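Biologist: Please show me the model, and then let us go through it by question and answer.

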Amino acid sequence: MARFDVNAARAQRLESVGTTWSFDLDKDTFELPTELSRATARALRELDDNDVDGLLSLLMGEKQFARFEKHDITMQDISAILDAYGKETGLGLGED
């Protein structure tokens, strides 16, 4: 039986999508990871389902999130960002 090489599979995924996914807001660019560590996934599970700021802070990190918070952004904007992020990375965030 053939063995599965996790490192090779990971390298192939990252070659395909890169290590980050980015979006522009006004004149700023923000990056989100294309893959989540188990620790990040665990932290996401601990968040309240409606904690959008907690979700974004975990994904962006404190410094990026501090820049992000300075923008006047709607929940519809955030939903569109997370929808595009999920479609491009395969990470379904905030979905039932």
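**Charges, fold and core**

Modeller: The mean positions of the 11 positive and 20 negative charges of the chain lie 9 Å apart. Lys and Arg count as positive, Asp and Glu as negative, while His and the chain ends are not counted; each charge is placed at NZ of Lys, CZ of Arg, CG of Asp or CD of Glu. This is a predicted model, in which local features need pLDDT of at least 70 and side-chain atom pairs count only at pLDDT 80 or more, while totals for chains, interfaces and linings use all residues. Residues are numbered from 1 along each chain as its sequence is written, and side-chain values use heavy atoms, with hydrogens and water left out.

Biologist: What pattern does the chain follow, read along the sequence?

Modeller: Helices (H or I, at least four residues) and strands (E, at least two) are DSSP runs, numbered from the N terminus. The chain has five helices and two strands. Along the sequence, the pattern is α-β-β-α-α-α-α.

Biologist: Which residue in E2 is the bridge partner of tryptophan 21?

Modeller: Two strands pair if DSSP finds at least two bridges between them. E1 and E2 run antiparallel and are joined by six bridges. They form a hairpin with two residues between them, and aspartate 26 in the turn has a positive phi of about 55 degrees. The partner of tryptophan 21 in E2 is leucine 32.

Biologist: Against which elements do the buried residues of H3 pack?

Modeller: The buried residues of H3 are Val52, Gly54, Leu55, Leu56, Leu59 and Met60. Just after H3, glycine 61 has a positive phi of about 90 degrees. The buried residues pack against E1, E2, helix H2 (38–46), H4 and H5.

Biologist: Which residues does phenylalanine 68 touch, not counting residues up to four places away in sequence?

Modeller: A contact means heavy atoms within 4.5 Å. Phenylalanine 68 is one of the residues with the most contacts inside the largest core. With residues up to four places away in sequence left out, phenylalanine 68 touches Phe23, Leu25, Phe30, Leu56, Met60, Ile73 and Ile78.

Notes: Core = buried A, V, L, I, M, F, W, Y, C linked by side-chain atoms within 4.5 Å. Buried < 20%, exposed > 50% of the residue type's maximum accessible area, 1.4 Å probe, protein only.
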